[in-house]
Amino acid sequence: MITFQGVEKYYGAYKALDGIDETIAKGEVVVVCGPSGSGKSTLIRTVNRLEPISRGTITVDGQDVNAPNVNVNALRSRIGFVFQSFNLFPHLSVLENVAVAPTMVLRLPHARARERALALLDGVGLANKADAFPPQLSGGQQQRVAIARALAMQPPVMLFDEPTSALDPEMVGEVLSVMKQLAADGMTMVCVTHEMGFAREVADRILFMDAGAILEQSTPDAFFTEPRHPRAQKFVADIRHA
């Protein structure tokens, strides 16, 4: 579903991504972890061109995302992205937030878009909040609406950039449960997260990054019990002692 080949990213002289070579299969759930500043968020933001790359190739579902003729808006409409901040439209109802992109971008009839939005809100446990406005919701509820909004475009892949980091601890579980259900349903997912319990339970693979490079990739069981790279060993040891 996603392939990185020789991907590098510079900010001036600073190398944020260093020779990334990785393939993510259809239906695979991959958690990207590592210390702050390791390049995790930069990596997933290159997938839908929120961050331009300096060198290399990225393909999504067979399409070179940086090809000169790519329609960036069409590309992004097929890659669901859930941010740390919820980025909901405060002046639109919850239902309207979820229905707006299918109506505007996919030209879905208004009634069909609302029907899809209601089904998605039901899936994230918020059908009863369809007529509420984002400021009336908790952070966890807003993030679940953001997930439903991303799913409304029926993307083949979902990217999550630390989706629980802005939430109070008691709200984290409700968002992770929605993500777990998505994984169980077979969605291709790449998640940057500090929630190591989620990583251990749900991920098919862990990618560990530091200094812009993928230093280790392994199953959750292998990563958390016997990490190989010294930097990964320190990361796991720090988690255990936190």
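Which residues of strand E6 point one way, and which the other way? Ile-79 and Phe-81 take one direction, Gly-80 and Val-82 the other, and all are buried. This is a predicted model, in which local features need pLDDT of at least 70 and side-chain atom pairs count only at pLDDT 80 or more, while totals for chains, interfaces and linings use all residues. Residues are numbered from 1 along each chain as its sequence is written, and side-chain values use heavy atoms, with hydrogens and water left out.

**View 1. Strand E6 beside strand E7.** E6 covers residues 79-82, and E7 covers residues 157-161. The two run parallel, joined by 4 bridges. Phe-81 has Leu-159 of E7 as its bridge partner. Buried means under 20% relative accessible area, exposed over 50%, and partly exposed in between, with a 1.4 Å probe and protein chains only. Strands (E, at least two residues) and helices (H or I, at least four) are DSSP runs, numbered from the N terminus. Two strands pair if DSSP finds at least two bridges between them.

**View 2. An open sheet of 4 strands.** The order is E2-E1-E4-E5, with antiparallel pairing. Strands E2 (14-24) and E5 (63-64) stand at the edges. Each has a single partner strand, so one side of each lacks a neighbour in the sheet. Strand E1 (residues 2-11) pairs with E2 over 7 bridges, in the antiparallel sense. Phe-4 has Glu-22 in E2 as its bridge partner.

**View 3. Helix H4 and its two faces.** Ala-113, Arg-116, Ala-117, Leu-120 and Leu-121 are buried in H4. Seen down the helix axis, the buried residues of H4 fall within an arc of 135°, so they line one face. The arc is that of the directions from the helix axis to the C-beta atoms. Ala-111, Glu-115 and Asp-122 are exposed, on the face turned away from the buried side. Val-98, in helix H3, is also buried, at a relative accessible area of 0%. Val-98 and Ala-117 are 19 residues apart in sequence, yet 5.5 Å apart in space, C-alpha to C-alpha.

**View 4. The loop between H3 and H4.** Val-105 lies in the loop between helix H3 (94-104) and helix H4 (110-123). Val-105 counts as partly exposed, at 49% relative accessibility.

View 5. Arg-144 and Glu-174 meet through their side chains at 2.9 Å, N to O. Arg-144 is in H5 (residues 139-151) and Glu-174 in H6 (residues 169-184), so the pair ties together parts 30 residues apart in sequence. Arg-144 counts as buried, at 11% relative accessibility. Glu-174 is partly exposed, at 23%. A salt bridge is a side-chain nitrogen of Lys or Arg within 4 Å of a carboxyl oxygen of Asp or Glu.

**View 6. Salt bridge between Arg-231 and Asp-210.** Their side chains meet at 2.9 Å, N to O. The pair links distant parts of the chain, with Arg-231 in helix H9 (residues 230-241) and Asp-210 in strand E9 (residues 205-210), 21 residues apart. Arg-231 counts as partly exposed, at 24% relative accessibility. Asp-210 is buried, at 18%.

**View 7. Further salt bridges.** The structure holds 14 salt bridges. Glu-8, Lys-15, Asp-18 and Arg-55 are linked in a network of them. Glu-51 forms a salt bridge with Arg-45, with the closest N and O atoms 3.9 Å apart. Glu-51 counts as buried, at 15% relative accessibility. Arg-45 counts as partly exposed, at 23%.
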